[in-house]
Amino acid sequence: MDRLKDLGRIKVILGENSGRFPFCNSILIDDSVQAVIDPGAGLQQLRAINDRQNIEVVFNTHVHFDHIVFNYVFDHSRIMVNEPESIYFRDRRKFIEDFGTSQVWGDAWADHWLEQTARPENLQSKTIAYRHEWYLSMARLDGTYRWGDVFDFGQVKMEVIPAPGHSQGFNVMYFPLQGIVYCSDIDLTAFGPWGEDYDQFVESARRIAQLDADTFVTGHESGIVSKNEFVSRLDQYLELIDRRDDILLEKLSRPRTQEDLIKEGTFYGPRIFRDEFVYCWEWYMVKQHLRRLLKQHRIVEKEGIYSRV
């Protein structure tokens, strides 16, 4: 049985395991036109919704595994994603390159990834890196949308609000008539912000908090929170970026390479080595924080060796 939180025409599909990765909290728009946003809540829940509802369109706020993983369940719906990230549906190798996995593991690994994810026997395998859902859920794209677009479902209108920082095309979905915001991965979790540009992420999060809405729905864990709670928790959430900077600065009291920092499991610990894709999270996060600290002139780099100023 699905776990729906009823907010009128907007319903929150609470993700399995409290919406922790590789699941997320999804949105069901139950109106004259029915839609789902970020289908990552869980296979059985989403299958049940697909069976009983006439879902015309599925929106992906961005192309991360936990937010696209069950696109394939909605086999009669239009799949849509933001325009900048639509390239990843057309060229999966481009996704691997931009995410950094090709740089970490090499071009041969990219070929291996494309081969393994295409194998049906890897459906819902324990290794995220090779799950067949990558292949199934990126196999079809029926349309794109842009920042600023407005969609009319009947009694519900949805505005696409730009929120760069988490990914290049990332956005949140705003329902002004219902006073609801779906924040997706601006999620207030202890995991903290993750993204391509942390300065942009902070700017986007603070702007989203100013939207005229009473209810904020996060993509992970917390789920439904009031505006007051969202605003009050936002500082603590964003401070995790600075805390990670401090961890790096402490480690760079003696010179290290980026590879040294990754192999030490600076942010995630030894668990990063269990999955080749998750290992790349560490690589990517270390890279982004080093870039941020260089920009702030708090560290220096010479011939690939970083040290604290």
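Which residues have the most contacts inside the largest nonpolar core? They are Val-63, Phe-70, Phe-277 and Leu-290, and the core to which they belong has 57 residues. Helix α12 gives the most to this core, with 11 residues. A second, separate core has 22 residues, among them Cys-24, Ile-27, Ile-37 and Phe-175. In soluble globular proteins, nonpolar side chains tend to be buried together.

**The protein as a whole**

The model described here is predicted. The protein contains 12 helices and 16 strands. Its radius of gyration is 19 Å, which agrees with the value near 19 Å that a compact globule of 309 residues would have. Along the principal axes, the C-alpha atoms fill a box of roughly 60 × 45 × 30 Å.

Of the 309 residues, 56% count as buried. The accessible surface comes to about 13500 Å², and carbon and sulfur atoms account for 46% of that surface. Among contacts between residues at least 6 apart in sequence, 57% join residues at least 24 apart. As for charge, there are 37 positive and 48 negative side chains, and the centres of the two sets lie 3 Å apart.

| Residue | Element | Relative accessibility |
|---|---|---|
| Trp-283 | helix α12 (residues 276–295) | 9% |
| Thr-215 | strand β12 (residues 215–218) | 19% |

Residues under 20% relative accessible area are classed as buried. Trp-283, at 9%, therefore counts as buried, and Thr-215, at 19%, counts as buried as well.

**Contacts around these residues**

With neighbours within four places in sequence left aside, Trp-283 is in contact with Phe-99, Gly-100, Gln-103, Val-104, Gln-258 and Ile-262. Trp-283 and Lys-263 are 20 residues apart in sequence, and their C-alpha atoms are 9.0 Å apart in space.

Leu-290, named above for its contacts inside the largest nonpolar core, touches Leu-248, Leu-252, Gln-258, Leu-261, Ile-299 and Tyr-306 when residues up to four places away in sequence are not counted.

Which residues does Thr-215 contact, leaving aside its neighbours within four places in sequence? They are Leu-7, Gly-179, Ile-180, Val-181, Ile-224 and Val-225.

Notes:
Residues numbered from 1 in each chain as written. Predicted model: local features only at pLDDT ≥ 70, side-chain atom pairs only at ≥ 80, totals over all residues. Heavy atoms only, no water. Helix = DSSP H or I, 4+ residues; strand = E, 2+ residues; numbered from the N terminus. Rg over C-alpha atoms; globule rule 2.2 N^0.38 Å. Buried < 20%, exposed > 50% of the residue type's maximum accessible area, 1.4 Å probe, protein only. Contact = heavy atoms within 4.5 Å. Areas by Shrake-Rupley, 256 points an atom, 1.4 Å probe, with all protein chains shown as cover. Lys, Arg positive; Asp, Glu negative; His and termini not counted. Charge placed at Lys NZ, Arg CZ, Asp CG, Glu CD. Core = buried A, V, L, I, M, F, W, Y, C linked by side-chain atoms within 4.5 Å.
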